[in-house]
Amino acid sequence: MALRRGGRKLSFEILSASNSIEDEETLFYRSNSDPIHEDAGVSPSESRSNRRKRKNKGSKKKKTIICPIDEDPVTDKGIDSVFDDPARVIFENGSCPNGFDVNYQNYSMQSVVTVLEESVRTVLQVPESEFQNLRGDGHLVAELRQRSVNGSGGGEEVAGSQVDVNVAEESSVEVSSSGKQRGEPNGGIVKKLESAESLDWKRFMAEDPTYSSSLEKSPLKYFMEEMYSGNSLQSTTTLGDEKERERVYDTIFRLPWRCELLIDVGFFVCLDSFLSLLTIMPTRILMALWRLLNARQFKRPSAVELSDFGCFVVMACGVALLSQTDISLIYHMIRGQGTVKLYVVYNVLEIFDKLCQSFGGDVLKTLFNTAEGLANSAPENMRFWIWRFISDQALAVTASIVHSFILLAQAITLSTCIIAHNNALLALLVSNNFAEIKSNVFKRFSKDNVHSLVYYDSVERFHISAFVLFVLAQNILEAEGPWFESFLSNALLVYICEMAIDIIKHSFIAKFNDIKPIAYSEFLEDLCKQTLNIQTDGGKKSLTFIPLAPACVVIRVLTPVYAAHLPYNPLPWRVFWIILLSAMTYVMLASLKMMVGMALRKHATWYVNRCRKRKHHLHTD
């Protein structure tokens, strides 16, 4: 089909000539429901006579059929030209695209324009008033082109109702040898390539003085320019600012000593809790038993007394089971491992230590909560709370015993590495500490996670001290010859490596996660408030340390040392020395408890008052 205007072909290709030109009556396709097609009143003779009359007219002019919907893509002039001066569409095969049946004898030009407008407005899915504004402003072509590229409006295709009007001049479109325009799959038209002049490399080099000058330079000239061009690393580095300089000095100077101060204060808080378990808790139990014997009648214990009793039962069961453990057997089992190295065993035990520490803290909190409920329960609910306290007590004993065995095995492993003469201790420290750096430094941490990590490091520092005490006790019992110097150097090596690794780890965690050194001062303030029993915000982290398992290990280790210095006979003399050494140990531990506790409270009071005086903690430490 073709669209003609003023004698010039504008949009549609003329279809190939049909062999049925003689039958001009069949040029117009009618559907089965067409009343003209269904009319059976016309005889064959009348049809032949009408055909001869039309042939005798000698007119070469083909029938024109107005089709409301075209099938060609939209171009710049298509839809406007149809609206301004609708042309007549010539079909040689007598059909109208998209299945429209049009009777050209009954349609006027005005009705054709109305049908076209309704079809375009249906595709664009716009109200009639907005459609008239688009047509009047000349934006209709751009709107149709946009819909042709992006799909029909909201991305849904309207089957059988897309308006494609293609009115383009022959000079702007490349036509193939078959006389058809070459189009892309999306309905666009491939334009001609730009002239070869734009791809001329010599012209491009002549227009760009940078490339041409770089090609014309000699090697010596290039080298001299590089020498005097500025920073020799300017291609791979950028110029820093004051913020970068502050980050460097925070990583090297400001953060390390704040982090170490926080870990040390946390270590002494753990030591204070450990000494309270060995001194305050037994004293309370003895006082409660003394009141019970003097009153000679049963009185419901308070929540504090029930909590102390529960901790005493847990510690007594742990010491009793550990005393039946053969340390020499465990030592030879660990040392005789051929497939699993010592540092692997130590790392595995350290992981289980952290798991038991977290779970043990939750179990002990549950036990204290049950003790509170049992002390304040009504008489009719007493049976329920007693069974609940017994079950929580059994769970706490089991968790503490498992944790105690893990700590004992970890202490024996460290002792094996220290005693060995094949650099096993160095291999243990290197593997363990650098594995810790690898697992923490290159991860994303929030401020709360760093807060918890510092507290874990404080607890780990206390556990290492308990292990060193175990090694010292083993050397006292079994070492021969001068051993103290070697023990002291190995212990210092362990502590120095632990301190260095913690500083490096926290410095780079703070650097990579953009945490300022002032955050560690805030953590220290929260720890000081915890020491003074000052309530903090609900979201603040607190140091959780359960000293039951380390206490069981220390008592198990020091008991043979005391037993080795007791006389064997007679029995009253032996009992006397046991009581004397126990009293001396209690006095020393109580004195150390008072010193550590009072020093912590004094430091905590000073630091909290200092932070309150400085707004937003912007003090110069």
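**Exercise 1. Surroundings of Val554**

Not counting residues up to four places away in sequence, which residues does Val554 touch? State also where Val554 lies and whether Val554 is buried or exposed.

*Solution.* 
The structure is a predicted model, and the steps below refer to that model.

Step 1. Val554 is placed in helix α19.

Step 2. The relative accessible area of Val554 is 12%. Buried means under 20%, and therefore Val554 is buried.

Step 3. With residues up to four places away in sequence set aside, Val554 touches Phe274, Ala466 and Leu469.

Step 4. Val554 and Ser404 are 150 residues apart in sequence, and their C-alpha atoms are 10.0 Å apart in space. Ala466 and Leu407 are 59 residues apart along the chain, with a C-alpha separation of 9.2 Å.

**Exercise 2. The chain as a whole**

Determine how many helices and strands the chain has, what percentage of its residues count as buried, and what percentage of the contacts with a separation of 6 or more link residues 24 or more positions apart.

*Solution.* 
Step 1. There are 20 helices and four strands in the chain.

Step 2. The chain contains 621 residues, of which 38% count as buried.

Step 3. Among contacts with a separation of 6 or more, 80% are accounted for by residues 24 or more positions apart.

**Exercise 3. Two helix pairs**

Describe the packing of α11 with α13 and of α10 with α17, giving the angle, the axis distance, the handedness and the residues involved.

*Solution.* 
Step 1. Helix α11 (residues 303-323) and helix α13 (residues 342-375) have axes 8 Å apart and pack at an angle of about 140°. This angle makes α11 oblique to α13.

Step 2. The crossing of α11 past α13 is right-handed.

Step 3. From α11, the residues Ala303, Leu306, Ser307, Gly310 and Cys311 meet Leu367, Phe368, Ala371, Glu372, Leu374 and Ala375 of α13. Sorted by class, this contact comprises eight nonpolar, two polar and one charged residues.

Step 4. For α10 and α17, the axes are 9 Å apart and the angle is about 130°. These two helices are therefore oblique to each other.

Step 5. α10 and α17 also form a right-handed crossing. On the α10 side, the contact involves Arg247, Thr251, Leu255, Pro256, Cys259, Glu260 and Ile263; on the α17 side, Met499, Asp502, Ile503, His506, Ser507, Ala510 and Lys511. By class, the contact of α10 with α17 has seven nonpolar, three polar and four charged residues.

**Exercise 4. Residues in loops**

Locate Asp514, Asn533 and Ala479, and classify each by accessibility.

*Solution.* 
Step 1. Most residues other than glycine have a negative phi.

Step 2. Asp514 is not a glycine, yet its phi is positive, at about 55°. This residue is in the loop between α17 and α18. Its relative accessibility is 51%, so Asp514 counts as exposed.

Step 3. Asn533 likewise has a positive phi, near 60°. Asn533 is found in the loop between α18 and α19. With a relative accessible area of 65%, Asn533 is exposed.

Step 4. Ala479 occupies the loop between α16 and α17. Its relative accessibility is 29%, and so Ala479 counts as partly exposed. The C-alpha atoms of Ala479 and Ile419 are separated by 9.6 Å, although the two residues are 60 residues apart along the chain.

Technical notes
Residues are numbered from 1 along each chain as its sequence is written. This is a predicted model: local features need pLDDT of at least 70, side-chain atom pairs count only at pLDDT 80 or more; totals for chains, interfaces and linings use all residues. Side-chain values use heavy atoms; hydrogens and water are left out. Axes are lines fitted to C-alpha atoms, for helices over the stretch in contact, and angles run from 0 to 180 degrees between N-to-C directions. Angles under 35 degrees count as roughly parallel, over 145 as roughly antiparallel, 65 to 115 as roughly perpendicular and the rest as oblique. A crossing is left-handed if the near helix is turned anticlockwise from the far one by less than a right angle, and right-handed if clockwise. Contact means heavy atoms within 4.5 Å. Ala, Val, Leu, Ile, Met, Phe, Trp, Tyr, Cys and Pro count as nonpolar, Asp, Glu, Lys and Arg as charged, and the others, Gly among them, as polar. Buried means under 20% relative accessible area, exposed over 50%, partly exposed in between (1.4 Å probe, protein chains only).
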